[in-house]
Amino acid sequence: ISLLHGFPLFTWSASAALRSKHVNRLILSTDSLSYQKIVNAYGFEAPYLRPPCFATDSSPEFDFVQNLLATLETEENYVPDICVRLLATVPMQLEGEIDAAIDALISCPELDSSVVISESRQHPLKSIEVSNCGKRCYPYGMNEDYSHQLTPLGRASYEKSFHRSNVIVFRTSVIKNTASFTGRSCYPVIIEQTRSIDIDTEVDMWCADAIMERLSWGLIHPNLSTRPSSMD
């Protein structure tokens with residue numbers, strides 16, 4: 001709910017989903033009554049509070065998504081064909097990439113899922129693990145015998161690598177049958193690195209705000225021309 005460019009963080013990715021040509025229902029998941037009130041004030045749907053057991057710092061998101069789908073089926077007899085998992089912390093998603101990921105599943109029945117990805121800012125081979133009480137370091141997942149591999153290579157020596165930009169589209173049957181979001185066959189939708197920022201710290205918020213300013217996103221929200229007059 002922290003403000004980013006004048007609006008609560010969650011509203012950015014939520015509004016992108018509303019502009020999608022395919023998404024016909026948007027549900028926000030929270031365990032907080034106060035957050036639910038804010039969500040509703042901005043015109044978004046948050047019909048069920050997330051059970052506390054699915055809302056701890058260590059709770060896997062798969063569990064609360066699975067729980068929400070089960071609740072919708074039990075309470076409303078509602079089972080979507082395709083689900084789009086978005087994160088409030090990735091504010092610069094666009095409806096076009098959401099639709100491209102959905103289109104992939106519509107046009108290719110053998111696909112289980114699709115993910116939006118972008119090129120990694122750092123290649124995974126540059127990851128470093130520290131152990132022995134902070135006295136030794138070596139390539140992540142290796143051991144001290146591989147410390148020589150920490151010698152840097154030129155950027156051109158690495159193949160391109162990618163990370164999720166945190167849109168995952170999956171068939172509802174996949175989450176039931178494979179206990180995963182992505183199943184066995186996943187299609188990539190590649191976007192530019194600029195908009196893939198995932199906010200985890202205050203510094204990330206500063207970066208996102210600066211990028212939005214540089215890209216002229218402006219202070220008017222893409223899907224909300226005015227703020228709610230009241231949250232009573």
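I started with the cores. The largest nonpolar core has 21 residues, and Leu4, Phe10 and Phe44 have the most contacts inside it. For a core I took buried Ala, Val, Leu, Ile, Met, Phe, Trp, Tyr and Cys joined through side-chain atoms within 4.5 Å; buried is under 20% relative accessible area with a 1.4 Å probe, protein chains only. H1, H2 and helix H6 (202–214) each give this core at least two residues, and H1 supplies the largest share, 5 residues. Helices are DSSP runs of H or I, at least four residues, numbered from the N terminus.

A note on what I'm reading: this is a predicted model, where local features need pLDDT of at least 70 and side-chain atom pairs pLDDT 80 or more, while totals for chains, interfaces and linings use all residues. Residues count from 1 along each chain as its sequence is written, and side-chain values use heavy atoms, without hydrogens or water.

Next, the rings. My search of the whole structure turned up 5 aromatic pairs. Phe7 and Trp12 have ring centres 6.3 Å apart and planes at 90 degrees, so I logged them as edge-to-face (centres within 6.5 Å make a pair, using the six-membered ring of Trp; planes over 60 degrees apart are edge-to-face, under 30 stacked, the rest tilted). Both Phe7 and Trp12 are buried.

Phe10 and Phe44 are edge-to-face too, because their centres lie 5.9 Å apart with planes at 75 degrees. Phe10 is in helix H1 (residues 9–19) and Phe44 in the loop between helix H2 (33–41) and helix H3 (61–76), so this pair ties together parts 34 residues apart in sequence.

Conventions:
Buried < 20%, exposed > 50% of the residue type's maximum accessible area, 1.4 Å probe, protein only.
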